[in-house]
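User: Could you walk me through how to read the features of this structure? I would like the general idea each time, and then the case at hand.

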Amino acid sequence: MRRTIDWADGAIVIIDQTALPAEFRLLELRTVDELVDAIKRLAVRGAPALGAAGALGVALAARRGGDVRSEADVIANARPTAVNLAWGVGRALAKLGEGADAVLAEALALLTEDEELNKTASKHAAELVLAECPRRPLRLLSHCNAGQLATVGWGSALGVVWHLHERGLVEEVLVDETRPLLQGARLTAWELAQADVPYRVQPDGAAAAAMARGLVDCVLVGADRIAANGDVANKIGTYGLAIAARYHGVPFVVVAPSSTVDTKLADGTRIAIEERDARELTEYAGVPVTPPDAGVFNPAFDVTPYELLTAVVTEHGRFTP
Ligand code: MRU
């Protein structure tokens, strides 16, 4: 598959993740405003892909001239939880003194690294899963989308599935639909179908029941920010899944490139959690599904304490808090 996000003819080119699975279409982003809008609408999403978006956004700003530092600030703050976004912006911005070409070269290097690091991290995690889970073939549970679409290529948590599937070791993936924006049902299921990996989509609320029935050998998720003590921010629902997994004795593995680790934060209580528009819950495909004045609590992420995790794995192997 082509890269989720790339650079071509002076523009950022992304796979439009709002259109999948109905339509595979590309979007060309030629201004910082277009990029910020795409990030906010989740046309490009997933922590590592946001890192690439941040770096390419600075490259775009640098080529167009103007106040690059304040545009970089706007990009870095488009979404607050995934640390990769500000990290990607910072990495490209550090080259600004060397000119626009140097900024672009740095951004493109980051993209290449992202593919390599996610492949390595997910390879380490695949070995860990094989060591932790005796059953063959494996039944895995995925939440949100931590696949190719959430990275420049390959994927983190879903990257583990690709490694295991290559070896014929995957029986099925249970895919949490991932309310309210359905990254699991729309994107993870689409990726698994493309790769011919057997899967079933389930409502998020079915995950604990699936574990109770003995249908899950391991839970695999990505991360948006990992604090120094190993606490992990990821898509809303991850925390509940980890509690259920612990109760049922199911291993729970987090996979992410080390750019997701934020050593400046001592623990997960300090991670900023994005709250999203109420309409994501009060409407479904534009149709109202709540009383008109329903109050809404719509955090996009939650924080799972490190003690509930079997392991956090990066390209360096098992993360040590
Ligand atoms: O709101 P999203 O779709 O950007 O949330 C994405 C997630 O929570 C992913 O699990 C996380 O970014 C890891 S992706 C490798």
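Analyst: Gladly, and let us begin with burial: buried means under 20% relative accessible area, exposed over 50%, and partly exposed in between, with a 1.4 Å probe and protein chains only. L26 has a relative accessible area of 38%, so this residue is partly exposed. This is a predicted model, where local features need pLDDT of at least 70, side-chain atom pairs count only at pLDDT 80 or more, and totals for chains, interfaces and linings use all residues. Residues are numbered from 1 along each chain as its sequence is written, and side-chain values use heavy atoms, leaving out hydrogens and water.

User: How do I read the backbone angles?

Analyst: Most residues other than glycine have a negative phi, and most peptide bonds are trans. Here, a cis peptide bond with omega of about 5° joins L20 and P21, and P21 is found in the loop between strand 2 (11–15) and strand 3. Another cis peptide bond, with omega of about -10°, joins R136 and P137; P137 sits in the loop between helix 5 (100–132) and strand 4 (138–142).

User: Which residues have a positive phi although they are not glycine, and are they buried or exposed?

Analyst: D9 has a positive phi of about 50° and lies in the loop between strand 1 (5–8) and strand 2. At 71% relative accessibility, D9 counts as exposed. W154 has a positive phi of about 75°, and its place is in the loop between strand 4 and helix 6 (157–166). With a relative accessible area of 17%, W154 is buried.

User: And how should I read the sheets?

Analyst: Strands of a sheet pair through backbone hydrogen bonds, either parallel or antiparallel. Two strands count as paired if DSSP finds at least two bridges between them. In this model, 4 strands form an open sheet in the order 11-8-9-14, with mixed pairing. Its edge strands are strand 11 (261–262) and strand 14 (301–304), each pairing on one side only. Strand 9 (residues 232–235) pairs with strand 14 in the antiparallel sense over 4 bridges, and V232 stands opposite T304.

User: What does strand 15 pair with?

Analyst: Strand 10 (residues 252–255) runs parallel to strand 15 and is joined to it by 3 bridges, with V253 opposite A311. Strand 16 (residues 317–318) runs antiparallel to strand 15, through 2 bridges, and R318 is the bridge partner of V313. A hairpin through 2 residues joins strand 15 to strand 16. Within strand 15 (residues 311–314), A311 and V313 point one way and V312 and T314 the other, and all are buried.

User: How is empty space read?

Analyst: Rolling a probe the size of a water molecule over the atoms shows where empty space is left. On a 1 Å grid over the protein atoms alone, a cavity is a set of points where a 1.4 Å probe fits but cannot get out, and a pocket is an open set with protein on both sides within 12 Å along at least five of seven lines; lining residues have an atom within 4 Å of a point. Grid points are joined across faces, edges and corners, and a volume is the space filled by probe spheres set on the points. The largest pocket holds about 450 Å³ of space. Its lining has 19 residues, with P180, L181, R279, E280 and A285 nearest the centre.

User: How many cavities of 30 Å³ or more are there?

Analyst: A search of the whole structure finds 4. The largest cavity has a volume of about 200 Å³. It is lined by 25 residues, of which R45, G46, A47, N145 and D224 are closest to its centre. Helix 2 (47–64) and strand 9 each supply at least two lining residues, and helix 2 gives the most, with 3.
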